[in-house]
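Good morning, and thank you for coming.

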Amino acid sequence: MKLGYAGLAAGPLYVGVSLIEAATRDGFDPTRHAWSQLANGDLGWIHRANLILSGALTVLGALGLRARWVRIGIAVYGAGLIGAGLFTADPGRGFPVGTPETVEVSTHGILHFVCGGIGFVGLVAACFLVGGWFARTTGALFGVTFVALAATGGAAWALLAFTAAVILASGWLSILFWKEIRCAI
């Protein structure tokens, strides 16, 4: 039960810190930049710490889940967040301020994308394993918007849709952990 509280905190922490960063970081534009790009620049450590801490809380929360395959899917998602925090997304499109529109793709950028992608597969799988309309819809929207983001090279509509899907998935995870906590009381 106590592990569920760690998972319950993960989504609101990640979304809350990311929204504050997006609103306060000079030059950040949510129609041009993914939240992952906040890991760059002088204040990039905040987003990297946010990813790592949110991922660790998600893994801890997953350890408290009763359903084995859901537990594994959520733990993979949390591990993906940790990896995405350890490997920084590439800057670009003018963020941080002064960065050219295009930059060469780095090993860190590739590993960030791979870690995130593996984690996202775990999340989508967990959504479908849990079942129910809200879980399946969340998983489908999250998966589709991630593919759209990658396929369009970060088109404004895809960035905004993916950001909304991240917020939705974080809410779904909070509900999942809350239900697990309530069942254990």
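For the classes of lining residues, Ala, Val, Leu, Ile, Met, Phe, Trp, Tyr, Cys and Pro count as nonpolar, Asp, Glu, Lys and Arg as charged, and the others, Gly among them, as polar. The model is a predicted one, in which local features need pLDDT of at least 70 and side-chain atom pairs count only at pLDDT 80 or more, while totals for chains, interfaces and linings use all residues. Residues are numbered from 1 along each chain as its sequence is written, and side-chain values use heavy atoms, with hydrogens and water left out.

Rolling a probe the size of a water molecule over the atoms shows where empty space is left. On a 1 Å grid over the protein atoms alone, a cavity is a set of points where a 1.4 Å probe fits but cannot get out; a pocket is an open set with protein on both sides within 12 Å along at least five of seven lines; and lining residues have an atom within 4 Å of a point. Grid points are joined across faces, edges and corners, and a volume is the space filled by probe spheres set on the points. Helices (H or I, at least four residues) and strands (E, at least two) are DSSP runs, numbered from the N terminus.

How many cavities of 30 Å³ or more does a search of the whole structure find? The search finds 1, and the largest cavity holds about 50 Å³ of space. Its lining consists of A10, G11, Y14, S54, T58, Y77, L81, S170 and L173. Helices α1, α2, α3 and α6 are the elements that give two or more residues to this lining, and α1 gives the most, with 3 residues. By class, the cavity lining has 5 nonpolar, 4 polar and no charged residues.

The largest pocket, in turn, has a volume of about 900 Å³. It is lined by 36 residues, of which A34, S36, A89, F113 and L149 are the closest to its centre. Two or more lining residues come from each of α3 (68-86), α4 (107-130), α5 (133-152) and α6 (156-184). The largest share, 6 residues, belongs to α4. In terms of class, the pocket lining comprises 20 nonpolar, 11 polar and 5 charged residues.

L129 counts as partly exposed because its relative accessibility is 49%, where buried means under 20% relative accessible area, exposed over 50%, and partly exposed in between (1.4 Å probe, protein chains only).

Next, the charged pairs. A salt bridge is a side-chain nitrogen of Lys or Arg within 4 Å of a carboxyl oxygen of Asp or Glu, and the count comes to 3. R25 pairs with E21, the closest N and O atoms being 3.9 Å apart, and both residues are buried. R32 and E101 form another bridge, at 2.7 Å from N to O. This pair links distant parts of the chain, 69 residues apart: R32 lies in the loop between α1 (2-24) and α2 (44-63), and E101 in the loop between α3 and α4. E180 bridges to R66, again with a closest N to O distance of 2.7 Å. Here 114 residues separate E180, in helix α6, from R66, in the loop between α2 and α3. E180 counts as buried because its relative accessibility is 14%, whereas R66 is exposed at 57%.

Finally, the backbone. Most residues other than glycine have a negative phi, and most peptide bonds are trans. In this model, a cis peptide bond joins F95 and P96, with omega about -5°; P96 is found in the loop between α3 and α4. R93 also lies in the loop between α3 and α4, and has a positive phi of about 55° although it is not a glycine.
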